[in-house]
Amino acid sequence: GRINEQARIGMFLGHAYKAAQQRDKAMNIYLVALDLADRSQDYNLAGYINTYLADQYKFEEKYNQAKEKYQEAATYFEKASNKRSRAIAITNVGLMSYFIDKASNLALDYYLKSDSIAMELNDTEVLSMVNNRIGLFYIEKHEFDLAEDHLLKAINYSKFRSEASYY
């Protein structure tokens, strides 16, 4: 097939290897698929493949590499005009920033950036996720009033998937 079709097939083959717990093979296939997606200028697909690579790194607790791949995903999603996925990728960059340096406020900067994108889209699911992360960030900083405000926002945005915010 065409290059972008090969990239898509590679992405799904990577999923199959991941499901079979063959993570090294999955990573190698994802990297090949990413190259194909980039060459075919299928930026949305390249964004998703970067996200899967980042998820692999996160699973392995390689937070710097995961952060880098989430940032690349956000860049590709921006090129593809996929604002929703870009907002989620930026939120994940924030989470990796938090894991790398819990004392830093850099994670909050990323969360606020993704919050503004989600507000622009009026995407309540993403707004709920982002406000949950902001709330958890403030809990770690012992700023409980701000944490409560954001966790309540998360609950209000997503009445069906708010278990984490209620907790």
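Trainee: Which residues in helix 7 meet which residues in helix 8?

Mentor: Contact means heavy atoms within 4.5 Å, and helices are DSSP runs (H or I, at least four residues) numbered from the N terminus. Here Thr124, Leu127, Ser128, Asn131, Asn132, Ile134, Gly135, Leu136, Tyr138 and Ile139 of helix 7 meet Phe144, Leu146, Ala147, His150, Leu151, Lys153, Ala154 and Tyr157 of helix 8. That contact divides into 11 nonpolar residues, six polar and one charged. For sorting, Ala, Val, Leu, Ile, Met, Phe, Trp, Tyr, Cys and Pro count as nonpolar, Asp, Glu, Lys and Arg as charged, and the others, Gly among them, as polar.

Mentor: Before we go on, this is a predicted model: local features need pLDDT of at least 70, side-chain atom pairs count only at pLDDT 80 or more, and totals for chains, interfaces and linings use all residues. Residues are numbered from 1 along each chain as its sequence is written, and side-chain values use heavy atoms, with hydrogens and water left out.

Trainee: At what angle do helix 7 and helix 8 pack?

Mentor: Helix 7 and helix 8 (residues 144–157) come out at about 160°, with axes 7 Å apart. Helix 7 and helix 8 are therefore roughly antiparallel, a label for angles over 145 degrees. Their crossing is left-handed, meaning the near helix is turned anticlockwise from the far one by less than a right angle.

Trainee: And how do helix 5 and helix 6 pack?

Mentor: Their angle is about 165° and their axes are 8 Å apart, so helix 5 and helix 6 are roughly antiparallel to each other. Helix 5 passes helix 6 in a left-handed crossing. The residues of this contact split into 11 nonpolar, four polar and five charged.

Trainee: Which residues touch the most other members of the largest nonpolar core?

Mentor: In soluble globular proteins, nonpolar side chains tend to be buried together. A nonpolar core is a set of buried Ala, Val, Leu, Ile, Met, Phe, Trp, Tyr and Cys residues joined through side-chain atoms within 4.5 Å. The largest one here has 41 residues, and Ile49 and Phe137 touch the most other members. Elements giving two or more residues to this core include helix 1 (3–19), helix 3 (43–59) and helix 7 (124–140). Not counting residues up to four places away in sequence, Phe137 touches Tyr98, Ser104, Asn105, Ala107, Leu108 and Tyr111.

Trainee: Last one: where does Glu61 lie?

Mentor: Glu61 lies in the loop between helix 3 and helix 4, and is exposed at 58% relative accessible area. Its phi is near 60°, a positive value in a residue other than glycine. Asn122 has a phi near 55°, also positive in a non-glycine residue, and Asn122 is in the loop between helix 6 and helix 7.

Terms used:
Buried means under 20% relative accessible area, exposed over 50%, partly exposed in between (1.4 Å probe, protein chains only). Axes are lines fitted to C-alpha atoms, for helices over the stretch in contact, and angles run from 0 to 180 degrees between N-to-C directions. Angles under 35 degrees count as roughly parallel, over 145 as roughly antiparallel, 65 to 115 as roughly perpendicular and the rest as oblique.
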